[in-house]
Amino acid sequence: MGRAQVWDVISDVDAYRSWWPWLRRFQASGLTEGDRWRCEVQPPLPYIVRLEVHLVSVEVPARIEAEITGDVVGKAKLTLVEEGEGCVAELSSTLAPRSAHLRWVARLASPVARFGHDWVLESGARQFIQRAIVSTGTPELE
């Protein structure tokens with residue numbers, strides 16, 4: 001699946017909650033520059049992470065840059081790179097806990113905080129491939 005096709009899939013923001021059941025709340029107008037997404041994420045831990053994602057730069061079908069505020073603050077970038085007949089999604093971020101509760105978890109139980117962060121990213125990628133890409137009829141990706 002090429003990056004234009006992947007972009008079409010990720011642009012369907014109304015489907016995000018069906019792809020990711022741990023996304024407890026999600027409000028977004030679209031995958032457009034300037035949009036602000038309001039989210040509540042429930043990792044398999046006893047807390048919810050509330051955040052706002054501000055899409056500061058959107059370059060169709062190649063790149064998204066965002067600023068994150070809320071319980072977590074920082075920046076994130078998603079880049080779709082053509083590779084052979086398909087594409088690779090590269091996600092980079094610099095995020096830090098802002099809420100007192102998450103700062104406490106990060107300081108005193110950093111393995112727990114790392115587990116929650118990694119779980120959301122790894123589950124998100126796996127569920128995206130299973131629910132979004134494969135359900136469009138595209139052959140399963142590795």
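# Reading a predicted fold

Q: How many aromatic pairs does the rule for rings give?

A: The rule pairs rings of Phe, Tyr and Trp (its six-membered ring) if their centres lie within 6.5 Å; planes under 30 degrees apart count as stacked, over 60 as edge-to-face and the rest as tilted. The count here is seven aromatic pairs. Y16 and W20 make an edge-to-face pair, with 5.1 Å centre to centre and 70 degrees between the planes.

Q: What kind of model is this, and which residues count for local features?

A: The model is predicted: local features need pLDDT of at least 70, side-chain atom pairs count only at pLDDT 80 or more, and totals for chains, interfaces and linings use all residues. Residues are numbered from 1 along each chain as its sequence is written, and side-chain values use heavy atoms, with hydrogens and water left out.

Q: Are Y16 and W20 buried or exposed?

A: Buried means under 20% relative accessible area, exposed over 50%, and partly exposed in between (1.4 Å probe, protein chains only). Both Y16 and W20 are buried. F26 and W37 also form an edge-to-face pair, at 5.3 Å centre to centre and 75 degrees between the planes. This pair links distant parts of the chain, 11 residues apart: F26 lies in strand β1 (residues 23-27) and W37 in strand β2 (residues 36-41). F26 is buried, at 14% relative accessible area, and W37 is buried at 9%. One aromatic cluster contains Y16, W19, W20, W22, F26 and W37.

Q: What is the order of the strands in the open sheet?

A: Strands (E, at least two residues) and helices (H or I, at least four) are DSSP runs, numbered from the N terminus. Two strands pair if DSSP finds at least two bridges between them. The open sheet here has six strands in the order β1-β2-β3-β4-β5-β6, with antiparallel pairing. β1 and β6 (86-97) stand at the edges with a single partner strand each, so one side of each has no neighbour in the sheet. From one strand to the next, the twist averages 20 degrees.

Q: Which strands does helix α1 touch?

A: Helix α1 (residues 3-10) packs on the sheet and touches β3, β4, β5 (72-83) and β6, and its direction makes about 145 degrees with that of β5. Contact means heavy atoms within 4.5 Å; axes are lines fitted to C-alpha atoms, for helices over the stretch in contact, and angles run from 0 to 180 degrees between N-to-C directions.

Q: How many residues lie between β5 and β6 in their hairpin?

A: Two residues lie between them, and G84 in the turn has a positive phi of about 60 degrees. The antiparallel strands β5 and β6 are joined by 12 bridges. Between β4 and β5, the hairpin runs through one residue.

Q: Which residues touch the most other members of the largest nonpolar core?

A: In soluble globular proteins, nonpolar side chains tend to be buried together. A nonpolar core is a set of buried Ala, Val, Leu, Ile, Met, Phe, Trp, Tyr and Cys residues joined through side-chain atoms within 4.5 Å. The largest one has 32 residues, of which I10, Y16, L23, W37, V53 and L55 touch the most other members. Elements giving two or more residues to this core include α1, β1 and α4 (110-133). β3 gives the largest share, five residues.

Q: How many disulfides does a search of the whole structure find?

A: A disulfide is a covalent bond between the sulfur atoms of two cysteines. The search takes a pair of cysteine sulfur atoms within 2.5 Å as a disulfide, and finds zero. C39 is buried, at 6% relative accessible area, whereas C87 is partly exposed, at 22%.
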